[in-house]
Amino acid sequence: MKTSYSLYDIIERVGKRPQVYVGERRLKNIGLFLDGYWIAMHDAGVEDATDPDFADFREFVRQKLNYSGSSAGWEKMILAVAAGCDPRQIRWEELNAPRSPEVHEKSLDLFWELLKEYRSTTDFEPDRNIP
């Protein structure tokens, strides 16, 4: 029985064959899959050994993409930038509109780029005062 896990292991597996794990190639699907995986591991009592802590990825994305403050998840922030929205004047309801496959691919590319940078950054400090 597995005693610990790292979300990065499953993220790498998803990245190699996303349709197998999440169906449509959309960032939202990856986020939902990871949430479900985390819940399953937590409920099974498996220790989270993810390093750096994936919970801080949202704050990393917020800072990196220049959002002044946001309670939106990393998926929405990345999709908004991929869709050409200005992080300083974002209207989240605009993201409910259908997006082209190209925008979704762009958001996936940006996600992988940001994740790689986040994992290699050793001096990132999340700002706990911003929602």
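**Note on the helix packing and nonpolar core**

1. Leu115 lies in helix 6, where helices (H or I, at least four residues) are DSSP runs numbered from the N terminus. The model is a predicted one, in which local features need pLDDT of at least 70 and side-chain atom pairs count only at pLDDT 80 or more, while totals for chains, interfaces and linings use all residues. Residues are numbered from 1 along each chain as its sequence is written, and side-chain values use heavy atoms, with hydrogens and water left out.

2. Leu115 is buried, with a relative accessible area of 5%; buried means under 20% relative accessible area, exposed over 50%, and partly exposed in between, with a 1.4 Å probe and protein chains only. Leaving aside neighbours within four places in sequence, Leu115 is in contact (heavy atoms within 4.5 Å) with Tyr8, Ile11, Phe54 and Phe57. The C-alpha atoms of Leu115 and Pro52 are separated by 11 Å, although these residues are 63 residues apart along the chain.

3. The largest nonpolar core has 37 residues, and those with the most contacts inside it are Phe54, Phe57, Trp74, Ile78 and Phe111. Such a core is a set of buried Ala, Val, Leu, Ile, Met, Phe, Trp, Tyr and Cys residues joined through side-chain atoms within 4.5 Å. Two or more residues come from each of helix 1 (7-16), helix 3 (27-43), helix 4 (57-64), helix 5 (74-82) and helix 6 (101-120), and helix 6 gives the most, with seven residues. Phe111 touches Ile11, Leu27, Ile30, Phe57, Trp74 and Ile78, not counting residues up to four places away in sequence.

4. Helix 1 and helix 6 pack at an angle of about 150°, with their axes 13 Å apart; axes are lines fitted to C-alpha atoms, for helices over the stretch in contact, and angles run from 0 to 180 degrees between N-to-C directions. That angle makes helix 1 roughly antiparallel to helix 6, given that angles under 35 degrees count as roughly parallel, over 145 as roughly antiparallel, 65 to 115 as roughly perpendicular and the rest as oblique. The contact is made by Tyr8, Ile11, Glu12 and Gly15 of helix 1 together with Phe111, Trp112, Leu115, Tyr118 and Arg119 of helix 6.

5. The axes of helix 4 and helix 6 come within 11 Å and cross at roughly 110°, which makes helix 4 roughly perpendicular to helix 6. Here Phe57, Phe60, Val61 and Lys64 of helix 4 meet Phe111, Leu114, Leu115, Glu117 and Tyr118 of helix 6.

6. Val61 lies in helix 4 and is buried, with a relative accessible area of 0%. Apart from neighbours within four places in sequence, Val61 is in contact with Trp74, Met77, Ile78 and Leu114. The C-alpha atoms of Val61 and Met77, 16 residues apart along the chain, are separated by 7.4 Å.

7. Helix 5 is mostly covered, since seven of its nine residues are buried, namely Trp74, Glu75, Met77, Ile78, Leu79, Ala80 and Ala82. These buried residues of helix 5 pack against helix 3, helix 4 and helix 6. Just after helix 5, Gly84 takes a positive phi of about 90°.
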